Every structure is written in C-alpha cells, then in structure tokens.
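Trainee: Please give me a close look at one part of this protein, and then walk me on to what else you find worth a glance.

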Amino acid sequence: MSSQEQNPPTLASLRAGRQKLRAPHTQPTPDSAPGTQSSLLFGSGESPAREVPSTQPATPAISPRPTLPERRIWTVAKLVGTIRQQIETTHTDIWVEGEISNCRPAPSGHIYFTLKDADAQLPVVLFRRQAQLLRFRPADGLAVLVRGRISVYESRGQLQLIAETMEPRGAGSLQLAFEQLKARLLAEGLFDASRKRPLPAFPHCVGIVTSPAGAVIRDIVTVVRRRHARLNLLVYPAVMQGASSPGSVAAGIRWFNQNASLVDLIVIARGGGSIEDLACFNNEALARIIAASELPVVSAIGHETDFTIADFVADLRAPTPSAAAELITSAQHRIEERVDSLSLRVRRAIRLQLLEARQRYARLSAHTVLRRLSDSINRRGQRIDELSLRLERASSRHLRLRADRLRFLNDRLRRQDVGLRLAASHRRVDRATSRLDRAASDAISRRRARLHAATARLQALSPLRVLARGYALVYAENGTLLRSTAETAPGQTIRARLASGTLSARVTASNSTENSSS
C-alpha cells in the first residue's frame with residue numbers, strides 16, 4: 001500500500017492549504033538566502049504543505065502563481081476498507097470491560113450484542129465457534145470482560161469488536177453458568193418434587209456409573225457388603241472428570257436404560273473435588289439425560305457441601321457415595337432391625353404367657369383339667385365332622401360342574417366335526433358351481449346375440465353391398481379413387497372394382513354431367 005493510501009488527506013488539512021493559498025504573497029525575508037524563494041506544494045500522500053526551495057532568481061516585478069492541490073477522490077468502499085485495515089493492524093488484541101445490552105442470539109449460532117458504559121457503547125459480535133466455548137450464556141445487564149480485536153463492518157461503515165473470549169465480572173464463569181442453567185431447568189420443571197420417583201425398596205441389582213479404578217467403588221462395595229450381602233452391583237466404567245466426562249456419564253445412563261432388565265436403579269458416584277473438577281456434572285445435556293431416564297437415578301457426587309445440577313435433576317441426592325450405598329440398602333437394613341426387635345418382643349411375650357399358664361395350671365385341679373381337655377377334644381372332633389361334610393359337598397359340587405363342562409365340550413366337539421363341515425362345504429361348492437355355469441351360459445348367449453346384430457349392421461354398411469346392386473368403384477392409374485370426369489382424360493387407363501372382380505379400360509371420351517345439362 002502506498003503512503004498516499006496510508007495517510008489520506010483530511011478535511012482539516014485541505015482547509016489549511018486553501019487558507020494559505022488565499023493569503024497575500026509576501027516578499028522573501030532578509031533571513032532567506034539570496035536568489036531563492038519558496039512555494040507551497042500539496043499532495044494527497046504527503047504533509048498538507050511543505051516548502052520547496054526554488055533555483056530560479058528572484059523577480060520582484062512578477063509574483064509566482066501558486067500551485068493548486070491535487071484532488072484525490074476516494075470511493076466509500078475503498079476508504080472504509082483502508083480504515084478497517086489500519087484499525088485491524090493496530091488493535092489486534094485488546095480487553096474491553098462493559099455491560100451487555102441488546103443481546104441477540106442468531107439462528108446461525110452467532111451472538112450479537114452491544115458493550116456499553118456510562119459514556120459510550122461498542123457493537124460486539126461473538127461468532128458461533130467462540131460462543132460454543134463459553135461456560136455461561138450472555139444476557140442483558142451482565143458486566144463482562146471481552147477479549148478480541150477491533151474491526152469495521154464495511155456494509156454499514158460501523159466500528160465493531162470481534163470477540164474471542166469473554167468472562168463475567170464479579171462471579172466466576174463456572175458459578176454464573178451454574179446459576180443460569182439452574183434457573184433455566186428450574187423454570188422447565190426438571191427440579192419438581194412431583195417428577196421424582198421413589199427408589200425400589202429391595203433392589204436386586206444396582207447400576208453404578210463411576211470410575212472402576214477409584215476409591216469410590218471400593219467404599220460402595222464395603223458398605224453394601226456390610227449391610228446387604230445379597231445385593232448385586234453392575235459397574236459402567238466412565239470418565240468422571242474433564243471435558244469428556246458428561247458424554248461418558250450420559251452414555252452409561254443410556255446403556256443401563258437400554259438394558260433395564262439388568263438393574264433396578266442407577267447411581268452416579270464420584271468423590272469430592274474443586275468446583276472445576278465437578279463442573280462436568282453441571283452440563284445441560286447430561287442433566288436432560290438424567291431427567292429422561294426410565295430408571296431411578298441417585299446422584300452421589302462430591303461431599304455433602306458440593307452441589308451440582310445433576311443433584312437437583314436426579315431422583316435422590318446422596319451427600320457422599322458411601323451415603324448412597326446406605327440409602328439404597330436402608331430398607332433391607334431397617335427390616336433386619338425390625339425383625340430383631342420383633343424377635344425380642346416375641347420372646348418376651350412367650351415367657352410372659354408361659355408364666356401366666358403356669359400360674360393358671362397351679363390353681364386348677366386334675367379333674368377340672370381333664371374335663372376341659374375332654375371338652376376341647378370333643379369340640380375339635382365336632383369341628384372335624386363339620387369340615388368333612390363341607391369338603392364332601394364341595395367335592396360333589398366340583399365334580400358335577402366338571403361333568404357339565406365335559407358334556408358341553410363334547411357337544412361343541414360334535415358340532416365341529418370335520419366330516420360334517422366338509423360335507424356342508426361340498427354342498428356350497430356345488431351350488432356355487434351351478435350358479436357359475438348358468439351365469440357363464442347367459443353371458444355367452446347375450447354376447448353371441450350382440451355379435452350377430454353388430455355383424456348385420458356392419459354388412460348393411462359395407463361398400464360391397466353397394467357394388468352388389470350394380471355399382472362400381474373406378475380408380476385412376478395411380479390408384480386414386482375417381483369422383484369426377486375432370487380427374488381423367490381420354491387415352492388414360494382406368495381400373496373398375498365390381499362386386500365380383502376388377503377390370504381395366506381405356507378412356508376414349510368423357511362427358512361431364514354439368515356440360516350435358518347445360
């Protein structure tokens with residue numbers, strides 16, 4: 001690019017040069033060298049005015065004619081493009097702080113917004129590739145720090161900032177992204193208690209999405225074996241930290257849902273860590289996979305003070321992985337404790353009843369004991385007779401019902417006899433065959449009559465019938481049908497078609513019907 005394009009003339013420089021041209025010419029000062037004078041030269045690419053020494057001798061009688069500035073005409077596109085190149089060269093990497101306003105996400109994935117403060121505003125564009133890397137969602141009123149480069153949008157001649165990265169001021173980007181996603185999913189109802197499903201009280205197998213090499217799975221196995229030795233554990237090995245963690249955990253949830261017959265519920269387990277380590281569980285796609293799971297999901301991520309989006313979406317949040325193991329085995333553990341308590345109560349009740357029985361037995365005489373024993377035996381015998389009678393009646397009634405059912409089935413079987421059904425089918429086939437024969441015969445008779453009538457009409461319209469009455473068809477030598485004597489001349493050969501055969505003749509004379517009539 002030439003120096004003229006890099007330093008285009010401004011309106012102020014042109015006005016300054018024009019004022020100097022309009023000023024009255026003055027003689028050289030005594031300080032000037034003898035035999036020299038100066039003149040003003042203007043150029044589109046140089047300074048507005050400069051002095052150039054002249055080698056001609058001074059002539060006081062004739063004043064020199066000033067030189068007019070050279071006019072440089074710019075197109076709008078060329079001028080805006082030159083400015084854009086200069087700005088992009090000098091402002092390649094800058095940080096700008098301000099407040100977002102007029103934020104407009106486009107369907108293409110780009111985000112357009114205005115960065116402003118109390119005194120000025122600057123349009124900003126964040127292209128789709130950079131927007132996908134943001135950990136939070138830009139919104140109006142959010143104070144941010146933007147890194148990018150200055151450019152000019154040539155179609156509008158508008159200065160704009162092309163953003164590369166952006167981070168919120170105040171709260172960290174991870175915390176802001178967490179709060180924004182939490183508010184959005186809360187508005188959609190994914191955190192509602194009404195959609196939370198209860199855990200199965202006695203699961204046979206539990207699917208665990210975790211790292212098989214960590215201490216988490218060993219803690220879970222230890223707790224489960226101590227509290228519920230018959231519970232099976234099925235582990236899906238997943239990446240529990242880093243950018244690939246959300247997709248790996250989501251794949252484990254999908255696999256257990258596709259094989260729902262293997263497990264009764266799913267546990268997502270991970271040990272504690274910093275907010276950056278647990279940020280992968282604040283992923284929106286992972287949250288929606290957990291919400292859409294057909295199996296109940298238990299979130300056991302981090303420590304009791306750690307909260308993630310997965311905790312809010314899951315059907316149950318456990319403070320730690322060990323606590324999750326206790327929760328899924330709580331029903332079995334409570335039953336064992338209840339059984340022990342009831343067993344103790346039963347033993348106490350039996351001892352009390354034995355004590356009371358011994359006391360009653362001591363107060364009773366042998367005769368009274370025998371009489372009561374005899375009455376008890378008689379009542380038992382009477383009860384046996386009553387039950388025997390009821391059993392006999394029930395047996396006879398059952399046999400009678402079975403006999404009636406057997407007769408009914410025999411009647412149905414006789415009605416469904418194959419021979420009878422075949423005979424009936426043969427009769428129906430014979431009747432259908434006779435009807436088909438009659439219909440075919442009637443159709444053939446009708447069509448034969450129509451054929452005879454059509455043949456008679458065709459013969460009546462046949463030209464051969466006309467020839468049979470004495471007429472003939474006369475053709476010229478070239479085979480064309482003659483309709484007038486004007487179409488032939490004497491000496492030509494003609495051919496006549498009769499009702500039976502043809503003959504050839506030579507025209508000796510022709511007589512027109514019109515001539516004869518005239």
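Mentor: Happy to! A pocket here is an open set of grid points, on a 1 Å grid, where a 1.4 Å probe fits and protein lies on both sides within 12 Å along at least five of seven lines. Keep in mind that this is a predicted model. Its second largest pocket has a volume of about 760 Å³. There are 25 lining residues, and those closest to the pocket's centre are Leu134, Arg135, Phe136, Ala177 and Asn282. Helix α5 (residues 173–188) gives the largest share of this lining, with six residues. Sorted by class, the lining holds 13 nonpolar residues, six polar ones and six charged ones.

Now move on to helix α6. With 13 residues (215–227) at 1.5 Å a residue, α6 should span 18 Å, and its end C-alpha atoms lie 19 Å apart, which agrees. Its buried residues are Val216, Ile217, Ile220, Val223, Val224 and Arg227. Looking down the axis of α6, you would find these buried residues within an arc of 130 degrees, so they line one face of the helix. The face turned away from that buried side carries the exposed residues Arg218 and Arg226. As for what covers the buried residues of α6, the cover includes the strands β8 (205–210), β9 (232–237) and β10 (265–270), along with the helices α10 (321–328) and α11 (330–363).

Definitions and conventions: Residues numbered from 1 in each chain as written. Predicted model: local features only at pLDDT ≥ 70, side-chain atom pairs only at ≥ 80, totals over all residues. Heavy atoms only, no water. Helix = DSSP H or I, 4+ residues; strand = E, 2+ residues; numbered from the N terminus. Expected span 1.5 Å × (residues − 1). Buried < 20%, exposed > 50% of the residue type's maximum accessible area, 1.4 Å probe, protein only. Arc of directions from axis to C-beta. Contact = heavy atoms within 4.5 Å. 1 Å grid on protein atoms, 1.4 Å probe; cavity = no way out; pocket = protein on both sides within 12 Å on 5 of 7 lines; lining within 4 Å. Points joined across faces, edges and corners; volume = space filled by probe spheres on them. Nonpolar A, V, L, I, M, F, W, Y, C, P; charged D, E, K, R; others polar.
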